[in-house]
Every structure is written in C-alpha cells, then in structure tokens.
Amino acid sequence: MHSSYQNRRQFVKLLLFLLLLFASCAARPPTPHTIYYNNQPPDAKGNYQFEFQTSNGITTKGAGNEAGAVGVVQYVSKEGLPITFTYVADENGYQPSGDHAIKHLERQLEYIRTHPTVDEVLSRRW
C-alpha cells in the first residue's frame with residue numbers, strides 16, 4: 001500500500017511540475033516566479049497538502065493521503081483562455097475533469113514518455 005501511495009504522490013508531483021513547465025512556455029512575463037508557495041509534507045497518517053501561485057497566473061492546490069489525492073489547476077493558455085481542471089487520483093487511477101483536461105493530459109503523458117524523471121530537489125532551485 002505504501003509503495004502505491006508513493007508512486008501516486010510522485011506522479012501527482014511530476015504532473016504539477018509539468019503543468020507549470022507547459023504553462024510557463026506561454027508565460028507573460030517571460031521569466032515567471034513563484035509569488036506564493038505552501039507545502040505541508042505528509043504527516044504521520046500520510047495526509048499532505050500544497051498550493052502555489054506564480055506570477056504568470058498559474059495556481060494549483062492539492063491534498064491527499066494513502067487513499068488518493070484531489071486537486072485543481074488553473075492557468076491561462078497561449079490563446080489567452082483561462083484553463084481550469086480538477087483531478088482525482090485514487091485506486092481508479094488519475095481522473096482529470098474540465099473542458100480542457102483531455103487535451104492537456106495527452107500533452108503531459110507525451111512529455112512524461114519522452115523525458116527523464118524529474119529530480120525534485122533540483123527542480124525547486126529555479
């Protein structure tokens with residue numbers, strides 16, 4: 001059960017990193033920076049939560065435990081459209097919802113397939 005939880009948590013972290021990466025390609029200003037970050041790592045029972053906001057309009061919030069995770073991601077597309085989708089990750093897998101969820105999920109999965117694993121510690125040093 002613990003390894004499944006760790007895999008799910010790593011997938012969610014990678015997904016959020018990728019969302020930030022993809023959305024920052026269309027960012028205005030060109031070099032976005034974090035304006036708010038709050039992370040509560042897992043407690044003794046495995047409950048965790050996080051949220052952040054960047055200067056280019058990306059916001060995300062998520063929470064979870066061994067049973068799964070839930071969250072919301074918001075940003076502005078290259079076309080200037082506000083994008084919002086939610087997700088649930090549990091025993092049924094990763095389940096995004098929202099008008100643009102499928103299109104962006106396909107891009108994220110392609111990125112994951114074609115790129116090496118993210119070094120979480122190094123990725124925090126931007």
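**Exercise 1. Which residue in β6 is the bridge partner of valine 88?**

Before you start: this is a predicted model, where local features need pLDDT of at least 70, side-chain atom pairs count only at pLDDT 80 or more, and totals for chains, interfaces and linings use all residues. Residues are numbered from 1 along each chain as its sequence is written, and side-chain values use heavy atoms, with hydrogens and water left out.

*Solution.* Start with the strands (DSSP runs of E, at least two residues, numbered from the N terminus). β5 covers residues 82–90 and β6 covers residues 93–97. They pair (DSSP finds at least two bridges between paired strands), running antiparallel with five bridges. A hairpin of two residues links β5 to β6. Now look across from valine 88: its partner in β6 is glutamine 95.

**Exercise 2. Sort the aromatic pairs into stacked, tilted or edge-to-face.**

*Solution.* Here's the rule: rings of Phe, Tyr and Trp (its six-membered ring) pair if their centres lie within 6.5 Å; planes under 30 degrees apart are stacked, over 60 edge-to-face, and the rest tilted. That gives two aromatic pairs. Tyrosine 48 and phenylalanine 50 sit 6.5 Å apart, centre to centre, with 5° between the planes, so they're stacked. Tyrosine 87 and tyrosine 94 have 5.7 Å between centres and 35° between planes, so call them tilted.

**Exercise 3. Are tyrosine 87 and tyrosine 94 buried or exposed?**

*Solution.* Check the cut-offs: buried is under 20% relative accessible area, exposed over 50%, partly exposed in between (1.4 Å probe, protein chains only). Both tyrosine 87 and tyrosine 94 come out buried. Tyrosine 48 and phenylalanine 50 are buried too.

Technical notes:
Helices (H or I, at least four residues) and strands (E, at least two) are DSSP runs, numbered from the N terminus.
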